[in-house]
Amino acid sequence: MPQTDHLVTDCSKCAALCCLALAFDKGEDFAFDKNPGEPCRNLSGHSCKIHDRLAQEGFPGCVAYDCLGAGNRVVQEVFGGQTWQTDPRLTRLMMEAFSGMREVHKRIDLLRAAATAPLEPGDDQTRREFLARLEQHRWSGPELNDFEVGLALEIDIFFHGIRNHLPDDFSDAF
């Protein structure tokens, strides 16, 4: 059985977490301001009312955004299909988990990309071990809350140590 690619976004398995949790400012990419935790006014259920014309309506930032599958993974894996929309008590917890999972998926993406760098064998082994830990782990909300001060920091320190083997634009990511 093939392993699921956690970095594939499937909005049909999400609960519009990006439309809830993320903030944006009116400007070139967004037609109005939105605070974090405030559902987007274009949201209807867990679908965007203007999804088929986002760019034309002033939301090219939404078109360009990709959570790398963090939203669908939070809803399906961490919350077992429950959503903030049907149980408002989950709103804060889901937003926090979404933030943490975005960081997990960012590190998965970076660790995968680092496979193309000319790493020493020991560094490549460390990279593969970190990647396996992130991809094979079934995350809980509390673990995601602790991720940035634990494992993410270890991975960032690892990247700092191998930065001379990475392309210049890579260092902007961590």
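Start with helix H2: with three residues, H2 gives the most to the lining of the largest pocket. Keep in mind that this is a predicted model.

Now show the whole pocket. The largest pocket holds about 670 Å³ of space. Its lining has 31 residues, and Cys-11, Cys-18, Cys-19, Cys-62 and Tyr-65 lie nearest the centre. Helix H1 (17–21), strand E2 (47–48), H2 (60–64), helix H3 (70–78) and H4 each give two or more residues to this lining. Colour the lining by class: 19 residues are nonpolar, nine polar and three charged.

Move to the second largest pocket, with a volume of about 180 Å³. Select its lining, including Thr-4, Asp-5, His-6, Arg-73 and Gln-76. Here the classes are one nonpolar, five polar and four charged residues.

Next, pick Cys-14 and Cys-67. Why is there no bond between their sulfurs? The sulfur of Cys-14 is 6.1 Å from that of Cys-67, its closest cysteine sulfur, and this is too far for a bond. A disulfide needs the sulfur atoms within 2.5 Å. Cys-14 is buried, at 12% relative accessible area. Cys-67 is also buried, at 12%. Search the whole structure and you find zero disulfides.

Last stop: helix H7, residues 151–161. Select its buried residues, Leu-151, Ala-152, Ile-155, Phe-158 and Phe-159. Look down the axis of H7: these buried residues fall within an arc of 120°, so they line one face of the helix. What do they pack against? The buried residues of H7 pack against helices H4 (91–113), H5 (121–136) and H6 (141–147). Turn to the other side of H7 to find Ile-157 and Gly-161, which are exposed.

Conventions. Residues are numbered from 1 along each chain as its sequence is written. This is a predicted model: local features need pLDDT of at least 70, side-chain atom pairs count only at pLDDT 80 or more; totals for chains, interfaces and linings use all residues. Side-chain values use heavy atoms; hydrogens and water are left out. Buried means under 20% relative accessible area, exposed over 50%, partly exposed in between (1.4 Å probe, protein chains only). Helices (H or I, at least four residues) and strands (E, at least two) are DSSP runs, numbered from the N terminus. The arc is that of the directions from the helix axis to the C-beta atoms. Contact means heavy atoms within 4.5 Å. On a 1 Å grid over the protein atoms alone, a cavity is a set of points where a 1.4 Å probe fits but cannot get out, and a pocket is an open set with protein on both sides within 12 Å along at least five of seven lines; lining residues have an atom within 4 Å of a point. Grid points are joined across faces, edges and corners, and a volume is the space filled by probe spheres set on the points. Ala, Val, Leu, Ile, Met, Phe, Trp, Tyr, Cys and Pro count as nonpolar, Asp, Glu, Lys and Arg as charged, and the others, Gly among them, as polar.
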